[in-house]
Each structure stands twice: as structure tokens, then as C-alpha cells.
Amino acid sequence: MTSFMIPQSDAPEGRIIVLEDDPDIRELIAAQLSREPQHVDSVGTVADLRAILQGDPVDLLILDLNLPDGDGLDICRDLRASGHQGAIMMVTAREGPIDRVLGLELGADDYLTKPFEPRELLARVRNLLRRSRIFDHGRPRVARFARFGPWRLDLHQRRLVTNDERLVMLSSAEYRLLSRFIEAPNQVLSREELLPERSATVAFDRSIDIQISRLRHKLASEPGGDELILTVRSEGYVLPGPVEFE
């Protein structure tokens, strides 16, 4: 397994790294992102990525899957195992659903297939950075757990932990959904806010109700966990009570 040393000091908002082995695509992505108020570094190999990660923490990594000295899926897994808390977007020519699902399960926050529209890339980047900043304002970067009700959410290994150390595994979709509640406790979140990547269709998409139901079922396995996600009629859902980071 590749070992990544992840720094834990605060970093300027909007630091992006582009890891892409094709120099033309790498320059295209970097040029598009440089139009925004972001700091962008671009590299072409895993070795270069490892070196640049020795600096300040990264808000967003745009990650190609096919690289000359490694595989993007392995890199994503190793970064999450090493405690990397920044957003990860996979950008690849692989179109198979298996790669997409595996990438999300290994810890990627978004997945974009080549070729893509530059405007779509920018929209997804803005969305990921916005979510990252909201979360960072509520907790220190070094936080390992978010404590709420009878649960702790392991922010590194993406699973629920009880007070007696019982583990409850979360799917990638369940973790992303719970993370959004953790980011904004006591705030009513609309369906669009809970699934911003599908905001154009979420009003008609009932899959979020299924995800909420499954998440509630897992939370309810501990006493007091059955009242952690409440429905606010005609508005959305809310996670009541305090969230503490440790």
C-alpha cells in the first residue's frame, strides 16, 4: 500500500491539485480552474503528487485513474486510509459503472467521465469546494470523529461507532448524506441541499427517501438514535441537537 503523509495544518481555502498524466488535458483543466479564485497545482505522476502533498492540505484533488506509476482507485483508497479529508473528484475515460461505483465506495466525492464540458467541471468543482468549506467552518481539520446523539461518526474510515465500540458500516451514499446533516445541525435541509449533485431532478427522485430510511434504520439501532433525523413537512429534513468534533 502506498503511504501518503497528510499534513494537518490549516490551508488557504480553494487549494486544488490536478493529477493527470496527459499534459494537454492537464493544462486544459488547470487553465479552466485558474479562472476562479483558486490556487491550482498540476502534476502528472503519483510521485509528484506525494511530493506536493508534503505542503499545505488540499481542498480538492482532481484525480485521473490511468497513471504511469499507479492507479487512481488505489490512490483514492490510500489517501482516505492516511486521513486525507479534502474532496476527491475522479476524472477518467473509463465509462464502466463498476469503476464509478468502486471509486465512490473507496472515498471519491464525485466522478466525471471524459470527454466533459469545461462548464460542468467548474460547476462540480464549485459545489465540492462549497461543501468542503461549510464542513471546515464547523470542525477542525484534525478532527477524527463527529459525536451526535449516541453515535460517533468516524470521519476517516467513514463508519458509525457506538460508545461500546460497536461498528456500523455505511454505504458511500449513506456517508455523504449523513455528512451533510453533520455539516449543518439544527438546520432544515431541502432535498436539493442534501443531493446537490442531482439538484435538477431531485424534486422528482424518490431515491433520497430510500436513503433516508436506510440511514434512519441504522441510527435507530442504538437507544435514542430513532429521533436523530426528523422530517419537516414540505421543507426537508433536520438533524437536531449538537454535534461535537474530537
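This is a predicted model: local features need pLDDT of at least 70, side-chain atom pairs count only at pLDDT 80 or more; totals for chains, interfaces and linings use all residues.

**The chain as a whole**

How much of the chain is buried? Of its 246 residues, 51% are buried. Among the contacts with a separation of 6 or more, 61% are between residues 24 or more positions apart.

**Two helices that meet**

Two packed helices are described by the angle between their axes and the distance between the axes. Take helix α6 (residues 172–183) and helix α8 (residues 207–219): their axes come within 10 Å and cross at roughly 80°. Angles of 65 to 115 degrees count as roughly perpendicular, so α6 is roughly perpendicular to α8.

Which residues of α6 and α8 meet? On the α6 side they are Ala173, Glu174, Leu177, Leu178 and Phe181, and on the α8 side Gln211, Ile212, Arg214, Leu215 and Lys218. Sorted by class, this contact of α6 with α8 has 6 nonpolar, 1 polar and 3 charged residues.

**Around the rings**

A pair of aromatic rings is described by the distance of the centres and the angle of the planes. Rings count as a pair if their centres lie within 6.5 Å, and by this rule there are 0 aromatic pairs. One ring does have a charge over it: the charged end of Arg152 sits 4.7 Å from the centre of the Phe145 ring.

Most residues other than glycine have a negative phi, and most peptide bonds are trans. With that in mind, look at the bond joining Lys114 and Pro115, which is a cis peptide bond with an omega of about -10°. Pro115 lies in the loop between β7 (110–113) and α5 (118–138).

Glu165 and Ser234 are not glycines, yet Glu165 has a positive phi, and Ser234 has a positive phi as well. Here is where to find them:

| Residue | Phi | Loop between | Relative accessible area |
|---|---|---|---|
| Glu165 | about 70° | β10 (159–161) and β11 (167–169) | 51% |
| Ser234 | about 70° | β12 (230–232) and β13 (236–238) | 79% |

Are these two residues buried or exposed? Glu165 is exposed, and Ser234 is exposed too.

Notes: Residues are numbered from 1 along each chain as its sequence is written. Side-chain values use heavy atoms; hydrogens and water are left out. Axes are lines fitted to C-alpha atoms, for helices over the stretch in contact, and angles run from 0 to 180 degrees between N-to-C directions. Helices (H or I, at least four residues) and strands (E, at least two) are DSSP runs, numbered from the N terminus. Angles under 35 degrees count as roughly parallel, over 145 as roughly antiparallel, 65 to 115 as roughly perpendicular and the rest as oblique. Contact means heavy atoms within 4.5 Å. Ala, Val, Leu, Ile, Met, Phe, Trp, Tyr, Cys and Pro count as nonpolar, Asp, Glu, Lys and Arg as charged, and the others, Gly among them, as polar. Rings of Phe, Tyr and Trp (its six-membered ring) pair if their centres lie within 6.5 Å; planes under 30 degrees apart count as stacked, over 60 as edge-to-face and the rest as tilted. A charge sits over a ring if NZ of Lys or CZ of Arg is within 6 Å of the ring centre and within 35 degrees of the ring normal. Buried means under 20% relative accessible area, exposed over 50%, partly exposed in between (1.4 Å probe, protein chains only).
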